Amino acid sequence: MKIKKFVAGSMQEATKQIRHELGTDAVILNSKKIQTRRFLGLVKKQGVEVIAVVDQDYSDRQKPRRQQLQAAFPNPGTPPEKPVQLELANQVKELKELLETRQHEQPVDVLPEPLKQADRLLTKQGVSAAVRTKAFSRLISSSFQEGEEWTEEKALLRVTDALAELLPENPGEQMAIRSKYVVLFGPTGVGKTTTLAKLAASSVLEENRKIAFITTDTYRIAAVEQLKTYAELLNAPLEVCYTQEEFKAAQQKFADFDHVFIDTAGRNFKDGQYVKELKDIIPFDRGLQAFLVLSATSKYSDMKELVRQFSSVPIDQLIFTKVDETDSLGSVMNLLADSKIGLGYMTNGQNVPEDIRYMSNASFAKLLTGC
Ligand SMILES: Nc1nc2c(ncn2[C@@H]2O[C@H](COP(=O)(O)OP(=O)(O)OP(=O)(O)O)[C@@H](O)[C@H]2O)c(=O)[nH]1
Ligand SMILES: [Mg+2]
């Protein structure tokens, strides 16, 4: 297998070079527009940088097929000689078609074995083909050297970095809880109340903050009792609010507190009506840090639909719970790679306050690949 970077004035020129140097079985892995400098670096010129690869084994595997086709459709006599220009135009067209037909193949088909192995690991984790393709294209365009030696460890580290780069911006641990009001919402039973208690407990125990609780979960009878238990343990006041007026009154009451942790009712938010009900009670304004809580055990398509339903709510970050209950984080990766909302926390157990961790993009990618 041979991988090479080509720089040319246009895509057409680049494909000509690729055909010339790597042959007709070459596949374009990545291309981007670049600015080249000419004449003492003063004049800028538009160009393209293309990374192409040819897998000799693949090419050889195709030979018998080509011979078969030639045998099945023998050339009926010597073709008339074509003018040179027409010949060239046909070659370009042929190459274009070839590249187009092979564009949908996994780029990893032609990568070195350690990278293929990393790809298999991601596939096992449930990372989608689209995300894997994006990660490998990024890896190749940013740090792939011709003739580079690859080990399994190096491949995994580079893939981990490339995956982290696909994730939306994450404000970092120092900015974990940065607003006075912190609200958690999400589907039923994902661990909202437990996670809120973990965050509140860390705030009291590690940062010595003066905290209070509000709950708008008046739907389940036991919900208030559950939060009251945590509030009593942390010696923090709790207000139960049924309406936005009551919510605003509670905010007034807690005017001199450092943080107010707000719990909400778990509902089937695939029904947009519940999103509206949530917004009817809680004014989602600037002073509020909003976390959508999802379970890491959920299916990608369900989580994606939930995020879509919340598009009218300004969500700051996502929290994924129950990481301890799953062996594959592919659905979380697929969701994050697709989303503009960054990752915040992950929880990995029922213990309050221990089982929670702020996750940077790099630490999540490492957790995913086991690096
Ligand atoms: N294994 C595991 N269990 C968790 C985790 N977080 C919460 N749980 C458990 O999940 C169950 C539901 O937790 P809650 O905090 O009541 O969930 P909720 O989202 O507030 O539920 P509703 O308010 O009814 O929608 C409890 O048994 C928790 O102990 C976690 O990270 N891992
Ligand atoms: Mg709850």
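This is a predicted model: local features need pLDDT of at least 70, side-chain atom pairs count only at pLDDT 80 or more; totals for chains, interfaces and linings use all residues.
Of the 19 lining residues, A176, S202, E206, E207 and Y345 are closest to the pocket's centre. Helix 7 gives the largest share of the lining, six residues; helices are DSSP runs of H or I with at least four residues, numbered from the N terminus.

Now to ligand 1. Helix 7, residues 192-207, also gives the most to the shell around ligand 1, with three residues. Of the 18 residues around ligand 1, K192, T194, D324, E325 and T347 come nearest; a residue counts as near if one of its heavy atoms lies within 4 Å.

The table lists polar contacts, pairs of N or O atoms within 3.5 Å.

| Side chain | Ligand 1 atom | Distance |
|---|---|---|
| T193 | oxygen | 2.8 Å |
| T194 | oxygen | 2.5 Å |
| D324 | nitrogen | 2.8 Å |

The protein covers 83% of the 650 Å² of accessible area that ligand 1 has on its own, by the Shrake-Rupley method with a 1.4 Å probe.

Residues are numbered from 1 along each chain as its sequence is written, with chains lettered from A and ligands numbered from 1 in the order in which they are written. Local features need pLDDT of at least 70, side-chain atom pairs count only at pLDDT 80 or more, and totals for chains, interfaces and linings use all residues, while side-chain values use heavy atoms, leaving out hydrogens and water.

Key. A polar contact is a pair of N or O atoms within 3.5 Å; within protein, one must be able to donate a hydrogen and the other to accept it, and residues adjacent in sequence count only if both atoms are side-chain atoms. Helices (H or I, at least four residues) and strands (E, at least two) are DSSP runs, numbered from the N terminus. On a 1 Å grid over the protein atoms alone, a cavity is a set of points where a 1.4 Å probe fits but cannot get out, and a pocket is an open set with protein on both sides within 12 Å along at least five of seven lines; lining residues have an atom within 4 Å of a point.
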